[in-house]
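Visitor: I am new to this structure and would like a short tour. Could we begin with what is meant by a pocket?

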Amino acid sequence: MRILIIVKQVPDSNATVKVAADGKGIEQTGLKLVPDPFDEFGVELAVQLREKRGDVSEIVALTLGPEKATEALRVALAMGADAGVHLCDPKFESFNELFYAYVIAQAVKKDPKGFDLILCGKYNIDLDAGAVGPALAEYLDMPHVGAVTGLEFTADGKRFTARRRIEGAEEVVECDLPALLSIDKGLVEPRYPSLPNLMKAKKKPLTV
């Protein structure tokens with residue numbers, strides 16, 4: 001099983017956010033940026049799957065953003081991802097999550113090995129739209145299960161049962177791989193990357 005995790009760098013939820021002088025974004029000077037908390041659920045899930053199963057061959061973390069977004073990838077690598085991919089180009093700067101998903105999809109399609117499982121957060125705390133996961137699945141013609149709070153794989157790792165919250169109830173979905181899951185709070189608790197692992201992450205492969 002080869003796993004891809006989508007990770008986005010966002011402003012810290014405790015940071016004071018100010019509108020930029022041109023009114024087209026937020027002031028970046030001195031702003032603390034962190035990996036999106038919901039995307040970290042995806043990273044933790046991938047690492048736990050490898051710890052519990054013997055069929056996870058590689059975990060790749062991918063981000064789209066400016067040069068500084070590399071920091072989010074390094075955290076994912078320190079948590080246990082094997083390699084990072086950074087899509088970095090001024091042309092990619094956009095607040096449109098459908099465009100964001102489209103660019104990621106083109107990169108995924110170029111990967112010669114392909115992915116059995118793609119993980120991302122239910123939504124990102126900066127735009128709060130939740131469109132990246134479903135849109136990416138559509139661009140890749142892949143089944144998608146959103147807001148996952150429970151997950152079990154069959155012994156052969158080719159099929160899974162996912163649980164997700166819906167209004168007033170819980171929905172159970174069975175699906176074959178490959179598939180894309182967007183993860184909700186409550187499924188896993190992200191580990192804190194230790195300093196030694198942060199240092200080791202600097203030596204892991206990162207493709208720009």
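Guide: A pocket is an open set of grid points with protein on both sides within 12 Å along at least five of seven lines, and its lining residues have an atom within 4 Å of a point. Please keep in mind that this is a predicted model.

Visitor: Which residues lie nearest the centre of the second largest pocket?

Guide: Val34, Pro35, Glu40, Val75 and Tyr192 lie nearest the centre of the second largest pocket, out of 13 residues that line it. The space in this pocket comes to about 340 Å³.

Visitor: Which elements each supply at least two residues of that lining?

Guide: These are β3 (33-35) and α1 (37-52). Sorted by class, the lining of the second largest pocket holds nine nonpolar, one polar and three charged residues.

Visitor: How many cavities of 30 Å³ or more does a search of the whole structure find?

Guide: The search finds one cavity of that kind. The volume of the largest cavity is about 80 Å³.

Visitor: What lines the largest cavity?

Guide: Its lining includes Ile6, Asp39, Glu97, Cys120, Lys122, Tyr123 and Asn124. At least two lining residues come from each of β6 (117-121) and α4. The classes in the lining of the largest cavity are five nonpolar, four polar and three charged residues.

Visitor: Let us step back. How many helices and strands does the protein have?

Guide: The protein has five helices and 11 strands. Its radius of gyration is 17 Å, close to the 17 Å from the globule rule for 208 residues, so the protein is as compact as a globular protein of that length. The C-alpha trace spans about 55 × 40 × 30 Å along the principal axes.

Visitor: What share of the 208 residues counts as buried?

Guide: The share is 47% of the 208 residues.

Visitor: And why is helix α2 described as largely enclosed by the rest of the structure?

Guide: Helix α2 (residues 70-79) has 10 residues and seven of them are buried, so the helix is largely enclosed by the rest of the structure. Among the buried residues of α2 are Leu73, Val75, Leu77 and Met79. Val75 is also one of the residues nearest the centre of the second largest pocket.

Visitor: What follows α2?

Guide: Gly80 follows α2, and the phi of Gly80 is positive, near 140°.

Visitor: Which residues have a positive phi although they are not glycines?

Guide: Asp141 is one of them, with a phi of about 55°, and Ala147 is another, also with a phi of about 55°. Most residues other than glycine have a negative phi, and most peptide bonds are trans.

Visitor: Are those two buried or exposed?

Guide: Asp141 has a relative accessible area of 72%, which is over 50%, so Asp141 counts as exposed. Ala147 has 13% relative accessibility, which is under 20%, so Ala147 counts as buried.

Visitor: Which peptide bond is cis?

Guide: The bond from Leu177 to Pro178 is cis, with omega near 0°. Pro178 is placed in the loop between β9 (169-176) and β10 (179-183).

Visitor: On to the rings. How many aromatic pairs are there?

Guide: The count comes to three aromatic pairs. One of them joins Phe38 and Phe41, which are edge-to-face at 5.5 Å centre to centre with 85° between the planes. Phe38 and Phe41 are three residues apart in helix α1, so about one helical turn separates them. Both of these residues are buried.

Visitor: Why is the pair of Tyr102 and Tyr139 called edge-to-face?

Guide: The planes of Tyr102 and Tyr139 are at 80° and the ring centres are 5.4 Å apart, so the pair is edge-to-face. This pair links distant parts of the chain, as Tyr102 is in helix α3 (residues 97-110) and Tyr139 is in helix α4, 37 residues apart. Tyr102 is partly exposed at 41% relative accessible area, and Tyr139 is partly exposed at 32%.

Visitor: One last point. What sits over the ring of Tyr100?

Guide: The charged end of Lys8 sits there, 5.2 Å from the centre of the Tyr100 ring.

Methods: Residues are numbered from 1 along each chain as its sequence is written. This is a predicted model: local features need pLDDT of at least 70, side-chain atom pairs count only at pLDDT 80 or more; totals for chains, interfaces and linings use all residues. Side-chain values use heavy atoms; hydrogens and water are left out. On a 1 Å grid over the protein atoms alone, a cavity is a set of points where a 1.4 Å probe fits but cannot get out, and a pocket is an open set with protein on both sides within 12 Å along at least five of seven lines; lining residues have an atom within 4 Å of a point. Grid points are joined across faces, edges and corners, and a volume is the space filled by probe spheres set on the points. Helices (H or I, at least four residues) and strands (E, at least two) are DSSP runs, numbered from the N terminus. Ala, Val, Leu, Ile, Met, Phe, Trp, Tyr, Cys and Pro count as nonpolar, Asp, Glu, Lys and Arg as charged, and the others, Gly among them, as polar. Buried means under 20% relative accessible area, exposed over 50%, partly exposed in between (1.4 Å probe, protein chains only). Rings of Phe, Tyr and Trp (its six-membered ring) pair if their centres lie within 6.5 Å; planes under 30 degrees apart count as stacked, over 60 as edge-to-face and the rest as tilted. A charge sits over a ring if NZ of Lys or CZ of Arg is within 6 Å of the ring centre and within 35 degrees of the ring normal. The radius of gyration is taken over C-alpha atoms; the globule rule is 2.2 Å times the number of residues to the power 0.38.
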